[in-house]
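Let's take a walk through this one, starting from the overall picture and working down to single side chains. Have the sequence and the model open as you read.

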Amino acid sequence: MFGPLNGVRTILVAGALVAAVFALAFGWWGAAVVLLVAVGMHGLGWLYLYRRAQDGHDYPG
C-alpha cells in the first residue's frame with residue numbers, strides 16, 4: 001500500500017540532499033545546515049523503524 005509513497009519520499013529526500021549541496025556551493029550555509037540536519041534526522045528515523053521491524057515490532061498506527 002505504501003510503496004508509491006516510499007518512492008515519493010525517496011525522491012524528496014534525495015532532492016533535499018541535492019539542494020543542500022547546491023546551497024553549500026553557493027555559500028548559503030544556513031540553508032545547507034537545515035537541509036542536512038533534516039536529511040540526517042530522516043535517516044535516523046528510517047533506521048529506527050527498520051530495526052524495530054527487524055525485531056518483530058509492528059509499526060505504530
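One definition before we start: helices here are DSSP runs of H or I with at least four residues, numbered from the N terminus. Keep in mind too that this is a predicted model.

**Overall picture**

The protein has 2 helices and 0 strands. Of its 61 residues, 8% are buried. The exposed surface comes to about 5,000 Å², and 74% of that is supplied by carbon and sulfur atoms.

**Helix α2**

Helix α2 covers residues 29-54. With 26 residues, α2 runs 37 Å from its first C-alpha to its last, close to the 38 Å expected at 1.5 Å a residue. Just after α2 comes Gly56, which takes a positive phi of about 95°.

**Aromatic pairs**

How many aromatic pairs does a search of the whole structure find? It turns up 2, and here they are side by side.

| Pair | Distance between ring centres | Angle between planes | Geometry |
|---|---|---|---|
| Phe26 and Trp28 | 6.0 Å | 35° | tilted |
| Trp46 and Tyr50 | 5.1 Å | 10° | stacked |

Phe26 and Trp28 are both exposed. Trp46 has 44% relative accessibility and so counts as partly exposed, and Tyr50 is partly exposed too, at 40%; the partly exposed class lies between under 20% (buried) and over 50% (exposed).

In general, an α-helix has 3.6 residues a turn, so residues three or four places apart point the same way.

**The nonpolar patch and Leu36**

On the surface, Leu17, Leu24, Trp29 and Leu36 form a nonpolar patch, with about 390 Å² of accessible area together. Which elements give two or more residues to the nonpolar patch? They are α1 (3-25) and α2.

Zoom in on Leu36, which lies in helix α2. Its relative accessible area is 39%, so Leu36 is partly exposed. Setting aside neighbours within four places in sequence, Leu36 is in contact with Leu17, Ala20 and Leu24; Leu17 and Leu24 are also among the patch members. Val21 is 15 residues away from Leu36 along the chain, and the C-alpha atoms of the two are separated by 9.0 Å.

Terms used: Residues are numbered from 1 along each chain as its sequence is written. This is a predicted model: local features need pLDDT of at least 70, side-chain atom pairs count only at pLDDT 80 or more; totals for chains, interfaces and linings use all residues. Side-chain values use heavy atoms; hydrogens and water are left out. Buried means under 20% relative accessible area, exposed over 50%, partly exposed in between (1.4 Å probe, protein chains only). Accessible areas come from the Shrake-Rupley method with a 1.4 Å probe; for residues, only the protein chains shown count as cover. Rings of Phe, Tyr and Trp (its six-membered ring) pair if their centres lie within 6.5 Å; planes under 30 degrees apart count as stacked, over 60 as edge-to-face and the rest as tilted. The expected span of a helix is 1.5 Å times one less than its number of residues. Patches are made of residues with over 30% relative accessible area and no salt bridge: like charges are joined within 9 Å, nonpolar side chains (Val, Leu, Ile, Met, Phe, Trp, Tyr) within 5 Å. A salt bridge is a side-chain nitrogen of Lys or Arg within 4 Å of a carboxyl oxygen of Asp or Glu. Contact means heavy atoms within 4.5 Å.
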